[in-house]
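Please keep the sequence and the 3D view at hand while reading.

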Amino acid sequence: MSKLLLHNALLIDGTGVPPVRDAAVLIDDGRIGWAGPGDDIPPSADGATRIDVGGNAVCPGFFDCHVHFSLPGTRGSVYERALVTESYHTFQLLDRLKVTLENGVTTARDLMGIDTGVRQAVADGLIPGPRLQVAVNMLSQTAGHADFRLPSGIDATAMMGGARVDSVDDVRRRVRDLIAQGADLIKVASSGGVSSPTDQPDWLGMRTEMVAAVVEECQAYGGRPVAAHAIGYAGVKAAVEGGVTSIEHGYALDDELRRRMVDQGTYLVPTLLETMHDVEVSPAAKAKSAHWHEIAHRAVGESAAAGVKIALGTDAGLSPDHGTNLAELGLLVRFGGLTPMEAIVAGTRTSAQLCGLDRELGTLEPGKLADVVVVRGNPLDDIASVGNPDNILLVLKEGRPAKDRGGFFDQRH
């Protein structure tokens, strides 16, 4: 099936321009050949298999820039890996990858917990899932967010994907080791966190000089991005001053740091979906959730209004379930003050830019890979509806169907 023509569509192409009604998208050998008004279908569409999408919206494949496929969401404890064999955990991963792709996320960044072999297995077509970028580990100093030692004395740090580094030299060695393993990006925890057992979000989890060393090493090795888990002010400040690519969460940003992020081109990945769930690790963690999530809901709108670039991320696996990722779009509108179109752009073009994939993905423009999602109705009228998997009617990854709830391929001609 070298050519497909999706027609009778509402085209939302990810660039932010107004939608085009009665539009069509030509897919040729896994790439976008053309997209525009149905009256202007080019001769190159001759011979294409035609699929009538029934007036529903055609969007680019979505990104989730902050997931944890090694974690179970609401279906278990974050420490459940200690209770199952590695082979059983592998089968859990397969299900999580599949449901994420089938519900509209065609590209994801895993920010702790899986290795590069999972990325390669997806890329080689051995297993279904979104194309992946992986950080492998999360780095913090001892007693920071990547230190998963429990009060019982059990050290779950390696199992969870954490790594402790306590000096600039430690950081440099660990970053080089991760690059040698094939990590696409490096994740640091410059603040404490909600789910970690021994710290608080407003604690400093990695000092500025250590963050800057991570950034310097990543620049020296091909310009890899650096993502910073940063919730409290001290950690956010260290991450911004250290020059990271993206702030993950960013709840305690102030106006000065927002201005600096705008000047530096630093992205914010708010993970609002995670804030809609209490972390059930312990009563103390639940209390932390309630306090910091209230702060998050106020802060993201101020960041968006200040002009900070917003990308889509959810923390899926930590507390949100895998496959619920696109509920983040509605939350970006509800709490962030984005318009529905701006939320879609955040989840497509802006996220592609953060991942360094905007030449190939993020918009439905000629020459780009044909990651396409057909959404029921007009998501600009009800952006929250995109978060309901029943409304994800068709998912194409590089032009091949990953999920066809709408039965469109049964009706092709």
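The points below cover the domains, the interface between them, the salt bridges and the aromatic rings.

The structure is a predicted model. The domain assignment divides the chain into domain 1, made up of 4–61 + 363–404, and domain 2, which covers 62–355. Between these two domains, about 2000 Å² is buried.

**Domains and their interface**

- Domain 1 is given as two stretches of the chain, 4–61 and 363–404, while domain 2 is given as 62–355.
- The C-alpha centres of domain 1 and domain 2 are 30 Å apart.
- In the contact between the domains, 28 residues of domain 1 meet 24 residues of domain 2.
- Of the area of about 2000 Å² that domain 1 and domain 2 bury between them, 68% lies on carbon and sulfur atoms.
- On the side of domain 1, the most area is lost to domain 2 by Gly61, Ile383 and Lys397, which together account for 27% of what that side buries.

**Polar links across the interface**

- Six residue pairs are in polar contact across the interface of domain 1 and domain 2, with both residues at pLDDT 80 or more.
- Strand S5 (57–60), strand S17 (392–397) and strand S18 (400–404) each provide at least two residues of the domain 1 side that touches domain 2.
- Strand S17 contributes the most to that side of domain 1, with four residues.
- Two salt bridges are counted between domain 1 and domain 2.

**Salt bridges in the structure**

- The count of salt bridges comes to 18.
- Arg131 pairs with Asp371 in a salt bridge whose closest N and O atoms are 2.4 Å apart.
- Another salt bridge joins Arg173 to Asp170, with the closest N and O atoms 2.9 Å apart.
- Both Arg173 and Asp170 belong to helix H4 (residues 168–181), where they are three residues apart, about one turn of the helix.

**Aromatic rings**

- The structure contains zero aromatic pairs.
- The ring of Tyr267 has the charged end of Lys309 over it, 4.0 Å from the ring centre.

Definitions and conventions
Residues numbered from 1 in each chain as written. Predicted model: local features only at pLDDT ≥ 70, side-chain atom pairs only at ≥ 80, totals over all residues. Heavy atoms only, no water. Phe/Tyr/Trp six-rings, centres within 6.5 Å; stacked < 30°, edge-to-face > 60°. Lys NZ or Arg CZ within 6 Å of the ring centre and 35° of its normal. Domains from an automatic or database assignment. Contact = heavy atoms within 4.5 Å. Buried area = accessible area lost by both parts, 1.4 Å probe. Salt bridge = Lys/Arg side-chain N within 4 Å of Asp/Glu carboxyl O. Polar contact = N/O pair within 3.5 Å; in protein donor to acceptor, adjacent residues only side chain to side chain.
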